[in-house]
Amino acid sequence: MVFEVAIVVGAVALLVESRVLERWKSAAPAVAVAVAVGVLAGTTAVLVSPSTANHAHASGDEHAHPTTATAHGHDASDPSAATGHDHTESTITYDKLPAATKAEVDQVIALWANKYPTAADAASDGWFNPGRSLYGIGAHYVSTVDFSGAAAFDMLNPNILLFDGDGPDAKFAGLSYVVADVPEGFTGDYDAWHSHPSACFEGGRVSSLTEENSAVWLSESECTARDGQVRPLENDQMMHLWIGPEYINRAPIFAHDHPDLYDGYNPKRDG
């Protein structure tokens with residue numbers, strides 16, 4: 001699977017609007033924002049994509065998750081987990097990681113867990129949030145200087161930083177990697193990689209994934225009824241790592257979504 005040039009071109013076309021150009025005068029940040037919006041949409045994908053429920057990685061690397069990744073649907077009777085989606089999930093927590101994997105995660109923690117305590121700290125060092133804080137996955141900050149969705153997996157240099165809200169005081173919750181193909185990643189079969197084919201854009205930013213009969217996300221018809229645009233996304237591969245000081249022990253370390261972030265924007269709930 002390849003992070004196609006098409007997604008970059010599509011995102012650039014979408015964001016070259018007067019409202020964006022008014023905010024971003026220089027070419028470099030504008031391009032970074034365009035790429036980031038496409039990445040953000042793909043990163044949220046795992047929350048609702050039925051195609052990921054039993055997905056296989058067709059990249060030559062059969063990096064499957066036979067012992068730690070399970071397909072599940074949230075119990076609709078539990079309002080905190082009523083997402084209306086199925087997905088493949090990694091269930092291992094930080095304290096249960098085998099020594100080799102934990103040693104790798106600890107390297108990432110040493111570099112990133114306390115580097116940017118708040119979103120304002122990240123922004124002051126060149127990171128930018130192109131969207132909003134979304135249900136289960138927070139706000140996604142990318143570097144306006146050197147973001148690349150086609151980069152090889154670099155454990156110590158993630159592409160995306162995750163914060164727990166929209167404002168400058170939002171706290172660091174974790175980070176995310178986006179790569180062209182499913183990599184070996186961390187030692188073992190614990191990291192769950194995902195992708196998604198499309199999303200809904202409203203006002204120049206991602207507002208929802210497109211999913212039929214979801215309790216959270218909009219269908220394509222609901223997106224267009226709100227004057228949104230359904231945009232296809234290519235098969236970039238992504239993974240979350242929840243290492244924020246207040247988040248690391250409250251969900252599986254490689255979980256796709258974090259339950260403490262279910263107060264993020266939900267288009268069905270929040271309008």
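This is a predicted model: local features need pLDDT of at least 70, side-chain atom pairs count only at pLDDT 80 or more; totals for chains, interfaces and linings use all residues.
Q: Which parts of the chain does the pair of E246 and K171 tie together, and how far apart in sequence are they?
A: The side chains of these two residues meet at 3.0 Å, N to O. E246 lies in the loop between β10 and α7, and K171 in the loop between β5 and β6. The pair therefore ties together parts whose separation in sequence is 75 residues.

Q: Is E202 buried or exposed?
A: E202 sits in strand β7 and pairs with R226, which is in the loop between α6 and β9. Their side chains meet in a salt bridge at 3.1 Å, N to O. R226 is partly exposed, with a relative accessible area of 30%. Buried means under 20%, and E202 has a relative accessible area of 17%, so E202 is buried.

Q: Which helix holds the salt-bridge partner of E222, K268?
A: The side chains of E222 and K268 meet at 3.6 Å, N to O. E222 is in helix α6, and 46 residues apart from it is K268, in helix α7.

Q: Which strands stand at the edges of the open sheet?
A: Five strands form this sheet, in the order β3-β4-β5-β6-β10, with antiparallel pairing. An edge strand has a single partner, so one of its sides is left without a neighbour in the sheet. The strands that stand there are β3 and β10.

Q: What angle does the direction of α4 make with that of β6?
A: Within the sheet, β6 pairs with β5 over four bridges. α4 packs on the sheet and touches β3, β5, β6 and β10. The angle between the directions of α4 and β6 is about 120 degrees.

Q: Which residues touch the most other members of the largest nonpolar core?
A: This core has 32 residues. One of the residues asked for, I243, is in contact with V105, W112 and F172, among others.

Q: Which residue's backbone oxygen does the side chain of H240 reach?
A: H240 has its place in strand β10. At 0% relative accessibility, H240 counts as buried. Its side chain reaches, at 2.4 Å, the backbone oxygen of H256.

Key: Residues are numbered from 1 along each chain as its sequence is written. Side-chain values use heavy atoms; hydrogens and water are left out. A nonpolar core is a set of buried Ala, Val, Leu, Ile, Met, Phe, Trp, Tyr and Cys residues joined through side-chain atoms within 4.5 Å. Buried means under 20% relative accessible area, exposed over 50%, partly exposed in between (1.4 Å probe, protein chains only). Contact means heavy atoms within 4.5 Å. Two strands pair if DSSP finds at least two bridges between them. Helices (H or I, at least four residues) and strands (E, at least two) are DSSP runs, numbered from the N terminus. Axes are lines fitted to C-alpha atoms, for helices over the stretch in contact, and angles run from 0 to 180 degrees between N-to-C directions. A polar contact is a pair of N or O atoms within 3.5 Å; within protein, one must be able to donate a hydrogen and the other to accept it, and residues adjacent in sequence count only if both atoms are side-chain atoms. A salt bridge is a side-chain nitrogen of Lys or Arg within 4 Å of a carboxyl oxygen of Asp or Glu. Lists of a residue's contacts leave out its neighbours within four places in sequence.
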